[in-house]
Amino acid sequence: MAYKETFWMACDSTEQLRAEYGPFHRRDEAEAEARKLGFGYLLRYEHLLDENEEIQEVRCIFIELAGAVPTEPVSVTLHTRCASCGESATHAKGWQAEVWADIHEFEHTRHRVRLFEHSHGKGLKEIGGWRS
Ligand SMILES: [Zn+2]
């Protein structure tokens, strides 16, 4: 007799590089968290277990939340984070990120600032080679 185990994740997109939060045992818990985070999707995982509780099969189903409203007014924000000391900041414009990095790297010798782009529904993506 196969046994089915189900759990839920809140996630921001259906892309492979998505942000996920969870797991939750109940759909309403995952949904509440998704709305709090401004995530538009739920992911339902089903594990089919055999009598020895070994996972035989994993199924996942995306569920789009109706009426999910992005919490961020802009769809893309820039995040800078120093690879050396971990200090970070958020910027609306590319030049602001550069100024922040310039000042930080000037004040802290040999620190290196990394740049990330956060687009809603896509998660965080590093922009490489931005200060070569
Ligand atoms: Zn630093």
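Arg110 is exposed because its relative accessibility is 78%, where exposed means over 50% relative accessible area, buried under 20% and partly exposed in between (1.4 Å probe, protein chains only). The model described here is predicted, so local features need pLDDT of at least 70 and side-chain atom pairs count only at pLDDT 80 or more, while totals for chains, interfaces and linings use all residues. Residues are numbered from 1 along each chain as its sequence is written, and side-chain values use heavy atoms, with hydrogens and water left out.

Although Arg110 is not a glycine, its phi is positive, at about 65°. Glu53 likewise has a positive phi, of about 60°, without being a glycine. Its loop runs between strand E3 (41-49) and strand E4 (55-64), and Glu53 counts as exposed because its relative accessibility is 60%. Most residues other than glycine have a negative phi, and most peptide bonds are trans. A cis peptide bond leads from Gly22 to Pro23, with omega near 5°, and Pro23 is part of strand E2.

Next comes the metal site. The zinc ion is held by the protein donors Cys82 (SG), Cys85 (SG), His104 (NE2) and His111 (ND1), at 2.0 to 2.4 Å. Donors are N, O and S atoms within 2.8 Å of the metal (3.2 Å for Na, K and Ca); water is not among the atoms, so sites may look incomplete. The angles among the four donor atoms are 103 to 117°, and the site is tetrahedral, a label given to four donors if all angles lie between 85 and 135 degrees. Along the sequence, the donor residues follow the spacing C-x2-C-x18-H-x6-H. His104 counts as buried because its relative accessibility is 3%, whereas His111, at 22%, counts as partly exposed.

Helix H2 (residues 94-107) also contains Trp95, which is exposed at 55% relative accessibility. Together with Val99 and Ile103, Trp95 makes a nonpolar surface patch of about 310 Å². Patches are made of residues with over 30% relative accessible area and no salt bridge, with like charges joined within 9 Å and nonpolar side chains (Val, Leu, Ile, Met, Phe, Trp, Tyr) within 5 Å; the areas come from the Shrake-Rupley method with a 1.4 Å probe, and for residues only the protein chains shown count as cover.

Charged pairs complete the picture. The structure holds 14 salt bridges, each a side-chain nitrogen of Lys or Arg within 4 Å of a carboxyl oxygen of Asp or Glu. One of them joins Asp28 and Arg26, with the closest N and O atoms 2.9 Å apart. Another connects Arg114 to Glu126, at 2.6 Å from N to O. This pair links distant parts of the chain, twelve residues apart, with Arg114 in strand E7 and Glu126 in strand E8 (residues 123-127). Salt bridges with shared partners also join Lys4, Arg44, Glu46, Glu57 and Arg59 into one network. Within this group, the closest N and O atoms of Arg59 and Glu57 are 3.2 Å apart. Arg59 is partly exposed, with a relative accessible area of 37%.

Notes. Four donors count as tetrahedral if all angles lie between 85 and 135 degrees; four count as square planar and six as octahedral if opposite donors are over 155 degrees apart and all others between 65 and 115; anything else is irregular. Helices (H or I, at least four residues) and strands (E, at least two) are DSSP runs, numbered from the N terminus.
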